[in-house]
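Visitor: I'd like to go through this model and ask what stands behind each label. Can you take me around?

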Amino acid sequence: MSDYYLTELHAHTKHSDGHFTTAELLAKAQAFGYEILAITDHNTSAALRDCQKLAATTKLVILPGMEWTTFYGHLLVWGAREFVDWRPVTPATIDAALRQLKAVGGITACAHPYAVGSPLCTGCRWDFPVHDQQLLDFVEVWNGAAPDQSRRSQQAYQLWLTRLAAGQRVAASAGRDWHDDEPATKNTALLYLGCQERTTSNALRNLAQGNFYLSLGPRLTLALTQNGQTYEMGATLATGPALVQLTFQATAQAKMRQFGFAAQRVRIFQNETVSCDIPWPPDTPLELPVLLKVGYLRVELWGTARGQTQQQLLVLANPFYVR
Ligand SMILES: [Zn+2]
Ligand SMILES: [Zn+2]
């Protein structure tokens with residue numbers, strides 16, 4: 001079984017347009033409580049060399065990463081064992097480039113797909129016409145500070161659901177897109193990555209599987225059991241009876257406590273049909289029987305924030321697939 005580690009997948013240093021040196025970023029990440037960090041500078045992985053030199057000074061597990069920054073969109077890449085040249089990539093060759101990345105272990109996400117594009121930020125919006133969408137592993141549904149207050153997050157979430165509805169395996173990811181110290185008044189989306197052991201290779205394997213969830217604060221443990229076997233997010237199960245095992249814990253990350261995220265309802269979706277919608281039972285482990293159908297099952301936690309009465313999404317767990 002996995003433990004879930006606080007992970008940041010999208011961060012920049014002075015090697016591109018970030019304000020921190022690599023050493024400063026590592027120190028800030030550790031102070032925030034991250035346990036796993038990917039540095040994704042624009043079109044360079046130079047920070048990885050710094051990380052090798054700084055290895056003795058940090059407890060963080062570092063994942064190799066880069067943000068391909070092109071005229072047609074930003075592509076987050078993690079874990080590529082070899083350099084793949086982003087410079088000649090065009091709309092006509094994006095599928096071939098993604099296949100090349102896959103062949104060297106690359107895991108990919110379209111970053112901030114609904115960012116403002118030209119003329120304000122040419123290339124920031126995702127405009128690549130990918131023909132085989134299955135070549136993209138994640139949609140970055142939450143990007144930047146306070147992503148739950150951004151309309152772009154809603155659009156990215158809808159894009160993710162559209163791809164799931166089309167029968168694709170695709171995870172939802174979050175990226176702080178960390179360049180600088182954000183205002184203290186803005187919350188940060190958290191990503192908890194499941195790992196059986198806290199190593200780079202194990203973290204990458206679980207990332208590729210989609211064994212992670214996004215949260216504005218609360219933590220969860222989530223597994224499905226079927227025929228005596230336990231499955232984690234991203235796993236593939238058979239149709240038929242299964243048991244959802246779920247626990248939630250209050251917000252652990254220090255900065256996020258001030259935003260007052262109060263969990264209220266647990267929703268289980270099968271292929272976007274709500275199959276269960278129940279009040280959140282604090283500190284009580286849930287065991288819910290389900291009848292799995294072909295497609296996917298996923299879990300959301302809803303509640304209130306910032307003293308408002310309107311409920312919003314607080315935790316988004318990635319799908320289990322049923323084939
Ligand atoms: Zn970007
Ligand atoms: Zn970025």
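Guide: The C-alpha centres of domain 1 and domain 2 lie 23 Å apart. Bear in mind that this is a predicted model, where local features need pLDDT of at least 70, side-chain atom pairs count only at pLDDT 80 or more, and totals for chains, interfaces and linings use all residues. Residues are numbered from 1 along each chain as its sequence is written, while chains are lettered from A and ligands numbered from 1 in the order in which they are written.

Visitor: Which residues make up domain 1 and domain 2?

Guide: Domain 1 covers 3–214 and domain 2 covers 216–322. The bounds come from an automatic or database domain assignment.

Visitor: How many residues of domain 1 are in contact with domain 2?

Guide: 22 residues of domain 1 are in contact with 21 residues of domain 2. On the domain 1 side, the elements that give two or more residues are β1 (3–8), α4 (151–165), β7 (171–175), β8 (190–195) and β9 (212–215). Those names are DSSP runs numbered from the N terminus, with helices being H or I of at least four residues and strands being E of at least two.

Visitor: What classes of residue are on the side of domain 1 that touches domain 2?

Guide: That side has 13 nonpolar, seven polar and two charged residues. Ala, Val, Leu, Ile, Met, Phe, Trp, Tyr, Cys and Pro count as nonpolar, Asp, Glu, Lys and Arg as charged, and the others, Gly among them, as polar.

Visitor: Why is Leu224 called buried?

Guide: The rule says buried if 20 or more other C-beta atoms lie within 10 Å of the residue's own, exposed if 12 or fewer, and partly exposed in between, with C-beta atoms placed from the backbone. Leu224 has 22 other C-beta atoms within 10 Å, so it is buried. The residue lies in strand β10. Leaving aside neighbours within four places in sequence, its contacts are Tyr231, Leu237, Ala242, Leu243, Val244 and Phe320.

Visitor: How do you know that β10 and β13 pair?

Guide: Two strands pair if DSSP finds at least two bridges between them. Strand β10 (residues 219–226) is joined to strand β13 (residues 240–249) by seven bridges, and the two run antiparallel. Leu222 stands opposite Leu246 in β13, and Ala223 stands opposite Gln245 there. On to the next partner: β13 and strand β16 (residues 286–292) pair in the antiparallel sense over seven bridges, with Leu286 in β16 as the bridge partner of Leu246.

Visitor: What is the order of strands in that open sheet?

Guide: The four strands have the order β11-β10-β13-β16, with antiparallel pairing. What makes β11 (229–231) and β16 edge strands is that each pairs on one side only.

Visitor: What makes the buried residues of α1 belong to the same side?

Guide: In helix α1 (residues 22–32), Thr22, Leu25, Leu26 and Ala29 are buried. They cover an arc of only 100° around the axis, so they sit on the same side of α1. That arc is the one of the directions from the helix axis to the C-beta atoms. What covers them includes β1, β2 (36–39) and α2 (46–54).

Visitor: Why does Val170 count as buried?

Guide: Val170 has 23 other C-beta atoms within 10 Å, so the residue is buried. Val170 is found in the loop between α4 and β7. Among its contacts beyond four places in sequence are Phe138, Val139 and Trp160.

Visitor: How many residues of strand β6 are buried?

Guide: In strand β6 (residues 138–143), six of its six residues are buried. β6 pairs with β7 in the parallel sense over five bridges, and Glu140 has Ser173 in β7 as its bridge partner.

Visitor: Are Glu272 and Arg306 exposed, partly exposed or buried, and how do you know?

Guide: Glu272 has 11 C-beta neighbours inside 10 Å, so it counts as exposed. Arg306 has 13 C-beta neighbours inside 10 Å, so it counts as partly exposed.

Visitor: What is phi at Glu272 and Arg306?

Guide: Phi of Glu272 is near 65°, and that of Arg306 is about 55°. Most residues other than glycine have a negative phi.

Conventions: Contact = placed C-beta atoms within 7 Å.
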